[in-house]
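Reader: Before I use any of these labels, I want to see the cut-offs behind them. Please set each value against its definition.

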Amino acid sequence: MANQVKVSNLGYPRIGKNREWKKTLESYWSGKMDQETFRSEMADIQLQHLQTQQAAGIELIPVNDFTFYDHVLDTAAMFGIVPPRFDYDGGEISLDLYFAMARGNAGATACEMTKWFNTNYHYIVPEIGRQTPRLTENKPLAAYRFAKERAGIEGKPVIVGLYTFLKLSKGFAASETAEVAGRFLPVYVQLLQELAAEGVAWVQIDEPAIVTGASEEEWKLLDTIYQTIASEVPGLNILLQTYFEAAEPLEALLSLPVQGLGLDFVHDGGTNLESIERLGWPADKWLGAGIIDGRNIWRSDLDTKLELVRKLAALTGADHLILQPSSSLLHVPVSVAGENKLKKTVKNALAFADEKLAELSLISAAFAGSEEAAAALQASREALEAFRALPERGRQDVAEQVRGLAQLPDHRSLPFAERVKLQQEKWQLPLLPTTTIGSFPQTVEVRQARLKWRKGVWNQERYDQFIREQIESAITLQEKLGLDVLVHGEFERTDMVEFFGEKLAGYLFTQGGWVQSYGSRCVKPPVIYADVAFIEPMTVKESVYAQSLTKLPVKGMLTGPVTILNWSFVRDDLSREEVANQIALALRHEVLALESAGVEMIQVDEPAIREGLPLKAEDREHYLNWAVKSFRIATNHVKDTTQVHTHMCYSEFNDMIDSISAMDADVISIETSRSHGELIVSFEEQEYDKGIGLGVYDIHSPRVPAVEEMTANIDRALRVLDPEQFWINPDCGLKTRGWQETEDALRNMVEAAAIARGKS
Ligand code: GLN
Ligand code: ZN
């Protein structure tokens, strides 16, 4: 049929419907499963994923998207890129070596792990250095053969493009990129030639790094890469795939000699369609149109999607159009089928990977004029309408409060320089006050108690009593150690977002909504499906109890609006800014509830503020503006003497110190284990004047740091920061640590502070 458009997928979740992938990995790591069984179980999972996609009507099924850990690590291993600290003789990469690079072993530390663009997926950073790449195995070819032999599928191998691979790697200077690319190009060519010789029709080359913006030189490099591939591997169809943002300038992409271009029509702000309308589409090129959101969990409005497909088909010709998700489905859970605890209207509004593939097939069928599809389209329309009409999604009171924001003051009543004097008078803290970031060890005992309570084995009263006892011993310990500002310990929390989600209106929790975060680690983000609103105090009980046990100040402890937003799946009918404002208003309520209950030092954590930063530099200011504003909405209404703290993780803050300052927290603590010196200098250069605690030791390891080590960190900070300004604390919460190491480390920290005070 001339009106038929092809349906493709860019990548399928690896973890399996019941996280069987994770379980297989972990049992191999723990030594409970031998290598042969491991490989055969992994092959079964891989096969099942292929068959699921085939059954969903996907014509271009991705292969080589499956991995034992991470696709970037796969790419590095395939090219023999192993850091010199590992014992590697240049042959095939063994499974043990592969996992050692990801997780470390007795002799060598793991490779660095970092965020995959603006997602919550983390990849292993390749360390390239001086090595000469070789093709140690052709993994895409093996995956192609596997699909063909085991499922009769003509797969579409997916590989990380050379440009993106180099952009994500380290071990060479940016100015050396072209030279490094020259070393890799022959092995890419070899890999692709082997695919062509096998009879592979399409290869998807992922180049998402293009959307972050390429310089003139980088475009030159892209041109060299794809010219070389075109001339050395003439028989292969290449679909150059971008995602997560608009591909700009489209002219430059269109001039690359590839047969197809994959574009994201969901996260591009409309730019991709505009560019095609402006430039026209070359008659001989295929367009891979990412029309279904590969990042969220919601059913699509298929009428709008169908309209978009019609527009695109008119521009490219239906015979050169491929429908696909906007990105790999790696970022969404597998299937909604098992979600039996949700209201029907809500469940029907969800679409995970399998449902998204079904949507794509449906749109293709509807485009071709199928009557069956028209009926399915109607059912989808009704499901969406019912969901949209839920009263909790359109609350008058919440809308009014958000509108009322314009009338609320957007800053504290006194500027920092003036309120700090009142605060000093009130709190009478010593120079270089010591404190911690909030959580104390979440021991097996704590987690078991929570489980007993959730299962009903313990009643509320029994559980509350248990939590009170934990708080009491944490307070006693902190007093004994001589800390100046205490915390209650967060024993009642599983997690810093779920805890609040469970207590706020507007949230739901799935049973199986897991996504891979890194390696075998999966997360199950809570879901904001309706208007977020305050119901009743969330943290007051524990904080007030903790404060009642001591004369020293105890910090109230909340998660901030931007972090709650960034670590949830968020409804897609409101802007993220609007949802952040709803959360901020609910938290404002909590902050004021704490204050009126006598808790007058309040920490509002924003560790994830950086994670929401847009990929394109020009969009960052807008994001930071509303992110900062939402923090201020939550915190700016307190009394002058109430001290607002915040905490952030991860070290790359150098470029956002203005925004951090604009949050106007009285004290900020920042994780700095990785770039201590640099960060202090940036704060100094930007003339940051508020309280600041640059973590004096790294909590990510059980090692107890010596007093001298922390004294050295403190001295370094005091060379550039005013001692009146500086706080002494570990660099993050202590929930993953054991009690003994926590006690020992904090004792040393307090001693280091005393030494520093003596010198100041
Ligand atoms: N208050 C939190 C804790 O101490 C902060 C956690 C975080 O920064 N990720 O656990
Ligand atoms: Zn932290």
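Reader: Which residues touch the most other members of the largest nonpolar core, and what makes a set of residues a nonpolar core?
Author: The largest nonpolar core has 203 residues, and V203, L287, A289, L323, I583 and M749 touch the most other members. A nonpolar core is a set of buried Ala, Val, Leu, Ile, Met, Phe, Trp, Tyr and Cys residues joined through C-beta atoms within 7 Å. Buried means that 20 or more other C-beta atoms lie within 10 Å of the residue's own; exposed means 12 or fewer, partly exposed is in between, and C-beta atoms are placed from the backbone. The helix that gives the most to this core is α22 (residues 576–596), with nine residues. Helices (H or I, at least four residues) and strands (E, at least two) are DSSP runs, numbered from the N terminus. In soluble globular proteins, nonpolar side chains tend to be buried together.

Reader: How do the numbers and the model itself have to be read?
Author: This is a predicted model, in which local features need pLDDT of at least 70 and side-chain atom pairs count only at pLDDT 80 or more, while totals for chains, interfaces and linings use all residues. Residues are numbered from 1 along each chain as its sequence is written, and chains are lettered from A and ligands numbered from 1 in the order in which they are written.

Reader: What is M749 in contact with, and what counts as a contact?
Author: Two residues are in contact if their C-beta atoms, placed from the backbone, lie within 7 Å. Leaving aside neighbours within four places in sequence, M749 meets this with T434, V696, Y697, M710, I728 and P730.

Reader: Which residues come nearest to ligand 1?
Author: I437, G438, S439, P607 and G733 do, out of 13 residues around ligand 1. A residue is near a molecule or strand if its C-beta atom, placed from the backbone, lies within 6 Å of it. The shell divides into six nonpolar, four polar and three charged residues. Here Ala, Val, Leu, Ile, Met, Phe, Trp, Tyr, Cys and Pro count as nonpolar, Asp, Glu, Lys and Arg as charged, and the others, Gly among them, as polar.

Reader: Why is S439 called buried?
Author: S439 has 22 C-beta neighbours inside 10 Å, so it counts as buried. S439 sits in the loop between α16 (416–427) and α17 (444–454). Beyond four places in sequence, its contacts are G489, E490, G733, L734 and K735.

Reader: And why does D605 count as buried?
Author: Because D605 has 23 C-beta neighbours inside 10 Å, it counts as buried. D605 belongs to strand β17 (residues 601–605). Its contacts beyond four places in sequence are M496, T559, G560, T563, T646 and H647.

Reader: UniProt also has a "binding site" annotation that covers W21 and C522. Are W21 and C522 buried or partly exposed?
Author: W21, with 24 C-beta neighbours inside 10 Å, is buried, whereas C522 has 18 other C-beta atoms within 10 Å and is therefore partly exposed. W21 is in helix α1 (residues 20–29), and C522 is in strand β13 (residues 521–523).

Reader: What is the phi of F244, and what is the phi of L432?
Author: F244 has a positive phi of about 80° although it is not a glycine, and phi of L432 is near 50°, again positive in a residue other than glycine. Most residues other than glycine have a negative phi, and most peptide bonds are trans. F244 lies in the loop between β7 and α9, and L432 in the loop between α16 and α17.

Reader: Which residues does a cis peptide bond join?
Author: E248 and P249, with omega about -10°.

Notes: UniProt positions are given in the numbering used here, feature names are shortened, and annotations may be inferred rather than shown by experiment.
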